[in-house]
Amino acid sequence: MRTVLTRPNDPSVHYMVVRSGQDQFGTWFTQERNVLTDYRRLFGDELPILGGISMAVDSKQKCLKAPSLFGPITFRSESQLEKES
């Protein structure tokens with residue numbers, strides 16, 4: 001698993017680093033995640049009704065620019081993924 005951080009003032013909020021580093025700077029990526037698997041790794045429980053999921057690019061600590069584009073974002077059930085395979 002990648003680096004996972006917990007918000008100090010709210011332990012219910014976790015940050016999961018999916019990509020890091022400059023080795024592929026300037027390259028655009030398509031990223032797929034199994035949100036249910038990620039949730040189970042973090043919390044060990046079944047997924048409740050979520051209040052939200054956020055995505056961010058953070059380069060403040062290095063004083064760098066990090067252009068980003070999010071979208072489209074699609075959530076599919078495991079049965080939908082099996083049908084597509």
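In the predicted model, strand β1 (residues 4-7) and strand β2 (residues 10-16) pair in the antiparallel sense, and four bridges connect them. Two residues lie between β1 and β2, and the two strands form a hairpin. Within this pairing, Val-4 has Met-16 of β2 as its bridge partner. In a regular strand, side chains alternate between the two faces of the sheet.

Read from the N terminus, the order of the elements is β-β-α-α. Helix α1 spans residues 35-43.

The ring centres of Tyr-39 and Phe-43 are 4.6 Å apart, and the ring planes lie at 35 degrees, so the pair is classed as tilted; planes under 30 degrees apart would count as stacked, and planes over 60 degrees apart as edge-to-face. Tyr-39 and Phe-43 are four residues apart in helix α1, which means that about one helical turn separates them. The two members of the pair fall into separate accessibility classes: Tyr-39 has a relative accessibility of 14% and counts as buried, whereas Phe-43, at 31%, counts as partly exposed. The cut-off for a buried residue is under 20% relative accessible area.

The structure also holds one salt bridge. This salt bridge joins the side chains of Asp-38 and Arg-33, with an N to O distance of 2.8 Å. Side chains of opposite charge can pair when their charged atoms come close. Asp-38 is buried, with a relative accessible area of 11%. Arg-33, in contrast, is partly exposed, and its relative accessible area is 37%.

For the chain as a whole, buried residues account for 5% of the 85 residues. Asp-38 and Tyr-39 are both classed as buried. The chain exposes about 7900 Å², of which carbon and sulfur atoms supply 51%. Contacts were also examined by sequence separation. Of the contacts in the chain between residues at least 6 apart in sequence, 25% join residues at least 24 apart.

Notes: Residues numbered from 1 in each chain as written. Predicted model: local features only at pLDDT ≥ 70, side-chain atom pairs only at ≥ 80, totals over all residues. Heavy atoms only, no water. Salt bridge = Lys/Arg side-chain N within 4 Å of Asp/Glu carboxyl O. Buried < 20%, exposed > 50% of the residue type's maximum accessible area, 1.4 Å probe, protein only. Phe/Tyr/Trp six-rings, centres within 6.5 Å; stacked < 30°, edge-to-face > 60°. Contact = heavy atoms within 4.5 Å. Areas by Shrake-Rupley, 256 points an atom, 1.4 Å probe, with all protein chains shown as cover. Pairing = 2+ DSSP bridges.
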